[in-house]
Each structure stands twice: as C-alpha cells, then as structure tokens.
Amino acid sequence: MGQVLHGGARTTEAVRRAIQHSQASLRALARRYGINQKTVAKWKQRNSPSDLPTGPRDPRSTVLSVEDEAIVVAFRRHTLLPLDDCLYALQATIPHLTRSSLHRCLQRHGIARLPDVDGDKPAKKTFKTYPIGFFHIDIAEVQTVQGKLYLFVAIDRPASSPSSSWWKGPIASPPRPSSSP
C-alpha cells in the first residue's frame with residue numbers, strides 16, 4: 001500500500017530518510033530534491049522520517065462540556081439507541097445538543113456505530129434445485145398509477161447447468177375498474 005501524503009507534502013519518507021543519512025550540504029540536498037533549504041535543515045534535525053501528528057493533542061468538543069459528554073456516552077452505552085433517538089431523548093437534558101455534535105461525540109468515544117445484532121436480518125435462502133425440465137416462478141404484484149401490475153419471473157435452472165436463463169416481464173394485467181357508474 002502506498003504512503004498517504006497531505007496536499008502540501010514535497011517529500012516522502014524515503015527522501016526524508018535519505019536527507020537524514022546524507023553528508024551533503026543543505027544547498028546540495030535542497031537542489032537535488034527540489035525543496036527549500038529550511039525543509040532540508042528541519043528533516044536533518046528530526047529523529048524520525050515520519051510526519052508529526054497534526055490537530056489537537058486531546059480532542060474535545062467545542063460545544064459539549066466534559067459532563068455533557070459523559071452523559072451522552074453513558075446514555076448510549078446503556079440504551080444502545082440509534083443516533084436520532086439518542087438526540088431526542090437527550091435534548092431535554094442538554095438543550096444545546098445538536099445531531100452533529102452528538103455524532104462527533106459518539107465518534108470520539110468509538111461508539112458511533114451500533115453493534116450488529118443476530119436477529120436484524122432474515123437468513124438468506126437459496127432456490128430449491130429442480131430436476132431438468134422444471135423451473136421456478138415468482139409472482140409479484142406492483143402498485144402503479146395506472147393500477148395493479150402482475151410480474152411473473154421464471155427462473156429455469158436445471159441442476160446440471162451452471163447458467164440460468166431469465167425472463168422477466170408482465171404476463172397479464174387485470175382490467176382497470178371504470179370510474180363512471
């Protein structure tokens with residue numbers, strides 16, 4: 001995987017390592033790598049060729065106090081409610097709480113995503129294997145502006161062939177009731 005650099009980066013870790021181990025002058029190294037002499041001097045003084053971390057040292061909310069964040073985190077861990085439900089429940093206690101500040105708080109504490117529950121999704125089912133000459137038909141009713149439309153989907157899938165031929169389309173549409181008496 002490649003190295004991720006910020007937009008203003010002119011050097012990679014390999015170039016920085018080469019600068020740190022080189023005995024050439026600042027001017028020669030700056031000319032060789034197409035960077036400023038001050039940049040070369042900076043990398044010569046550093047112990048590591050990696051970038052220093054940017055941003056705040058201890059991330060905290062500009063909207064929520066430490067006590068508010070503790071309430072939010074305890075509430076989410078206790079109830080496991082979705083984001084919007086947490087927001088509506090906590091706004092009575094923390095009136096200046098917004099959806100975005102709540103989401104950022106949950107992200108900071110690593111609880112923005114709810115854990116997957118086993119019973120959430122129905123189990124996937126596979127089609128029954130039919131002998132040659134038989135096929136599976138699914139029927140669906142679709143409500144449209146013009147009325148009901150019945151869709152029949154036939155799936156011909158013999159057990160001996162890996163490919164299947166599909167046909168989808170309306171077979172019949174029931175007559176629409178007339179609006180006049």
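Does Arg10 count as buried or exposed, and at what relative accessibility: which is it? I began my notebook with that one, and Arg10 counts as exposed because its relative accessibility is 64%, where exposed means over 50%. A reminder to myself before going on: this is a predicted model.

**Entry 1: Arg10 and its partners**

I placed Arg10 first, and found it in the segment before H1. Next I asked which residues Arg10 touches, leaving aside those up to four places away in sequence. The answer is Gly34 and Ile35. Arg10 and Gly34 are 24 residues apart along the chain, and their C-alpha atoms are separated by 8.3 Å. The side chain of Arg10 reaches the backbone oxygen of Gly34 at 3.2 Å.

**Entry 2: the whole chain**

I stepped back for an overview. I counted 6 helices and 3 strands in the chain. Reading along the sequence, I get the pattern α-α-α-α-α-α-β-β-β. The chain has 181 residues, and 19% of them count as buried. I also checked contacts between residues at least 6 apart in sequence: 37% of these join residues at least 24 apart.

**Entry 3: H3 and its two neighbours**

How do H1 and H3 cross? I took H1 as residues 13-21 and H3 as residues 37-45; their axes come within 8 Å and cross at roughly 75°. H1 is therefore roughly perpendicular to H3, since angles of 65 to 115 degrees count that way. On the H1 side I noted Arg16, Ile19 and Gln20, which meet Val40, Trp43 and Lys44 of H3. By class, I have 3 nonpolar, 1 polar and 2 charged residues in the contact of H1 with H3.

Then I turned to H2, residues 26-33. H2 packs against H3 at an angle of about 110°, and the two axes are 8 Å apart. That angle makes H2 roughly perpendicular to H3. From H2, the contact uses Leu26, Arg27, Leu29 and Ala30, while H3 brings Gln37, Val40, Ala41 and Lys44. I sorted the residues of the contact of H2 with H3 into 5 nonpolar, 1 polar and 2 charged.

**Entry 4: Glu69 in H4**

I went to Glu69 next, which sits in H4, residues 66-79. Is Glu69 buried or exposed? Glu69 counts as buried because its relative accessibility is 10%, and buried means under 20%. I looked for a polar partner and found one: the side chain of Glu69 makes a polar contact with the side chain of Arg108 at 2.7 Å. Setting aside residues up to four places away in sequence, Glu69 touches Arg60, Ser61, Leu64, Cys105, Arg108 and His109.

**Entry 5: H5 against H6**

My last stop was the pair H5 (residues 83-90) and H6 (residues 99-108), which pack at an angle of about 115° with axes 10 Å apart. H5 and H6 are therefore roughly perpendicular to each other. I noted the handedness too: H5 passes H6 in a right-handed crossing. Which residues meet here? I listed Leu83, Asp84, Cys86, Leu87 and Leu90 from H5, meeting Arg99, Leu102, His103 and Leu106 from H6. The contact of H5 with H6 has 6 nonpolar, 1 polar and 2 charged residues by class.

Key. Residues are numbered from 1 along each chain as its sequence is written. This is a predicted model: local features need pLDDT of at least 70, side-chain atom pairs count only at pLDDT 80 or more; totals for chains, interfaces and linings use all residues. Side-chain values use heavy atoms; hydrogens and water are left out. Axes are lines fitted to C-alpha atoms, for helices over the stretch in contact, and angles run from 0 to 180 degrees between N-to-C directions. Helices (H or I, at least four residues) and strands (E, at least two) are DSSP runs, numbered from the N terminus. Angles under 35 degrees count as roughly parallel, over 145 as roughly antiparallel, 65 to 115 as roughly perpendicular and the rest as oblique. Contact means heavy atoms within 4.5 Å. Ala, Val, Leu, Ile, Met, Phe, Trp, Tyr, Cys and Pro count as nonpolar, Asp, Glu, Lys and Arg as charged, and the others, Gly among them, as polar. Buried means under 20% relative accessible area, exposed over 50%, partly exposed in between (1.4 Å probe, protein chains only). A polar contact is a pair of N or O atoms within 3.5 Å; within protein, one must be able to donate a hydrogen and the other to accept it, and residues adjacent in sequence count only if both atoms are side-chain atoms. A crossing is left-handed if the near helix is turned anticlockwise from the far one by less than a right angle, and right-handed if clockwise.
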